[in-house]
Amino acid sequence: MLQYKIVGFRIMRDIHRHMDEEELEQYSDGAGTPEQTAALETHLLTCEECRNQLLQTDEYVLAMRSAAGHERRAARTREREWSVPTWFPAFAAAACGLLLFVAVRYWQAPSLPAATVDLVAMRGAGTPGAAPAGRALLLHPDLTGLAASPSYRIQVVDQTGREVRQSLMEAARGAVQFTGLRAGVYFVRVYLPGGELLREYGLEVR
Amino acid sequence: MEELYAIFVKGVRFFLWRQLGPQDLDDKVHDVFLIITHSIQKGELREPDRLMGYVRTVVRRQVAMHIDNAVQSRRNQQAIDPSMTLSDHRPDPERRAIERENQDLALRMLAGLPKREREVLIRFYLQEQTAEQICQDLNLTETQFRLMKSRAKARYGELGKRRFAQREGFQPK
């Protein structure tokens with residue numbers, strides 16, 4: 001009987017007490033003993049403040065569940081996206097080594113000045129101009145007797161007639177520079193800007 | 001009677017709205033007050049101290065009865081009519097928008113937390129691990145755990161302060 005009165009007293013005391021955060025979450029979750037639930041619900045019947053708190057807690061718990069699920073899925077996706085294959089470190093190391101080797105070779109290679117080549121018409125028994133392979137070339141075509149023009153188009157073709165270099169040369173400068181060519185026999189052709197072929201020179205690169 | 005109604009109407013509406021939704025809410029509230037009034041008139045409720053508990057019990061019984069009726073009627077419909085109408089139980093667009101906003105708020109709040117606190121909340125709200133289990137796994141005291149949860153809720157409240165307006169659904173018209 002005494003026990004009954006004590007429980008009854010506790011319930012009555014709880015009825016008039018505002019719910020704390022833990023109780024709100026427990027109630028929102030449907031957790032808690034039947035006695036606790038009874039006391040909380042009885043309090044909620046007359047306490048507007050706790051009712052509002054409970055609504056907020058309901059919304060908060062729902063939002064947190066949904067956001068936590070979202071966050072966990074996003075984390076899994078990120079892990080999948082960013083997982084590094086087992087071969088990647090070895091591959092990256094090899095690539096870096098190769099890059100370093102090429103860079104060192106490039107920076108150590110002496111940069112030679114362009115080789116100057118005087119080109120003379122190859123008609124008749126003239127010998128073709130000679131130039132070193134793989135080195136920039138500064139070509140000086142002999143323009144004597146050609147139709148006057150402020151500029152000329154210079155084309156370099158290989159033995160099969162395939163164009164390998166092409167540039168515009170100002171007549172006043174009288175020279176044109178090309179990047180290095182591989183060893184072989186080439187022909188340097190001079191055109192008017194309009195397209196008319198004026199002259200052809202032989203060029204041997206070795 | 002008027003005083004009884006004034007004291008309990010909001011609470012009763014709240015419970016019925018929370019458990020059963022807004023449909024026929026006024027009728028359900030009316031039924032509850034009818035039952036209570038009859039009981040008082042018949043002298044079934046002599047001790048005023050027990051009034052609050054009694055109101056709660058009546059509301060609970062009404063909720064249980066409505067749920068039971070809904071289950072019965074669904075079962076009967078299923079037996080008779082194979083082409084029964086299916087209700088769309090998804091929340092209405094407004095509710096969905098609110099829930100999406102709330103989720104965004106919670107995501108923002110989670111994103112702003114240290115990894116460990118985020119882990120605690122994910123374990124608690126998503127995996128529904130108990131406080132004891134989380135504290136044990138992550139080497140936390142109960143107070144630390146409560147603090148983390150409480151801070152997170154406060155932060156969420158700050159982010160959505162403007163949005164935490166009272167819902168009017170259960171308020172009497």
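Biologist: Asp24(B) first. Is it buried, partly exposed or exposed?

Modeller: Asp24(B) counts as partly exposed, because it has 13 C-beta neighbours inside 10 Å. Bear in mind that this is a predicted model.

Biologist: Where does Asp24(B) sit?

Modeller: Asp24(B) is in the loop between α1 and α2 (25-41) of chain B.

Biologist: And what is its phi?

Modeller: Positive, about 50°. Asp24(B) has that value although it is not a glycine.

Biologist: What about Glu128(B), what is the phi there?

Modeller: Near 55°. That is a positive value too, and Glu128(B) is a residue other than glycine.

Biologist: Which loop holds Glu128(B)?

Modeller: The loop between α5 and α6 (131-138) of chain B.

Biologist: Buried or exposed, and why?

Modeller: Glu128(B) counts as exposed, because 10 C-beta neighbours lie inside 10 Å. The cut-off for exposed is 12 or fewer.

Biologist: Now α5(B) and α7(B). At what angle do they pack?

Modeller: About 90°, with the axes 10 Å apart. The two helices are therefore roughly perpendicular to each other.

Biologist: Which residues of α5(B) and α7(B) meet?

Modeller: α5(B) brings Glu117(B), Val120(B), Leu121(B) and Phe124(B). α7(B) brings Phe145(B), Met148(B), Lys149(B) and Ala152(B). By class, that contact has six nonpolar, two charged and no polar residues.

Biologist: Let's step back. How many helices and strands are in chain B?

Modeller: Seven helices and zero strands. The elements run α-α-α-α-α-α-α from the N terminus on.

Biologist: How much of chain B is buried?

Modeller: Of its 173 residues, 20% count as buried.

Biologist: What share of its contacts join residues at least 24 apart?

Modeller: 54%, among contacts in chain B between residues at least 6 apart in sequence.

Biologist: What is the confidence like for chain B?

Modeller: The average pLDDT is 81, and 86% of the residues score at least 70. Confidence is lowest in α3(B), with a mean of 83, and highest in α6(B), at 90.

Biologist: And what does the model score as a whole?

Modeller: The ipTM is 0.76 and the pTM is 0.55.

Biologist: What percentage of chain A is buried?

Modeller: 23% of its 206 residues. As for contacts in chain A between residues at least 6 apart in sequence, 55% join residues at least 24 apart.

Biologist: Give me one strand residue. Where does Val164(A) lie?

Modeller: In strand β5 (residues 163-170) of chain A. Val164(A) is partly exposed, because 14 other C-beta atoms lie within 10 Å.

Biologist: Which residues is Val164(A) in contact with, leaving aside neighbours within four places in sequence?

Modeller: Val156(A), Val157(A), Asp158(A), Leu181(A) and Tyr186(A). Take Tyr186(A): the pair is 22 residues apart in sequence, and 9.0 Å apart in space, C-alpha to C-alpha.

Biologist: Last topic, the interface. How many residues of chain B are in contact with chain A?

Modeller: 26 residues of chain B, in contact with 27 residues of chain A. On the chain B side, the elements giving two or more residues are α1 (2-20), α3 (51-80), α4 (93-111), α5 (115-126) and α7 (142-159).

Biologist: Which of them gives the most?

Modeller: α4(B), with seven residues.

Biologist: How does the chain B side divide by class?

Modeller: 15 nonpolar, six polar and five charged residues make up the side of chain B that touches chain A.

Conventions
Residues numbered from 1 in each chain as written. Chains lettered and ligands numbered in written order. Predicted model: local features only at pLDDT ≥ 70, side-chain atom pairs only at ≥ 80, totals over all residues. Contact = placed C-beta atoms within 7 Å. Helix = DSSP H or I, 4+ residues; strand = E, 2+ residues; numbered from the N terminus. Nonpolar A, V, L, I, M, F, W, Y, C, P; charged D, E, K, R; others polar. pLDDT = per-residue confidence, 0-100. Axes fitted to C-alpha atoms, helices over the stretch in contact; angles between N-to-C directions. Parallel < 35°, antiparallel > 145°, perpendicular 65-115°, else oblique.
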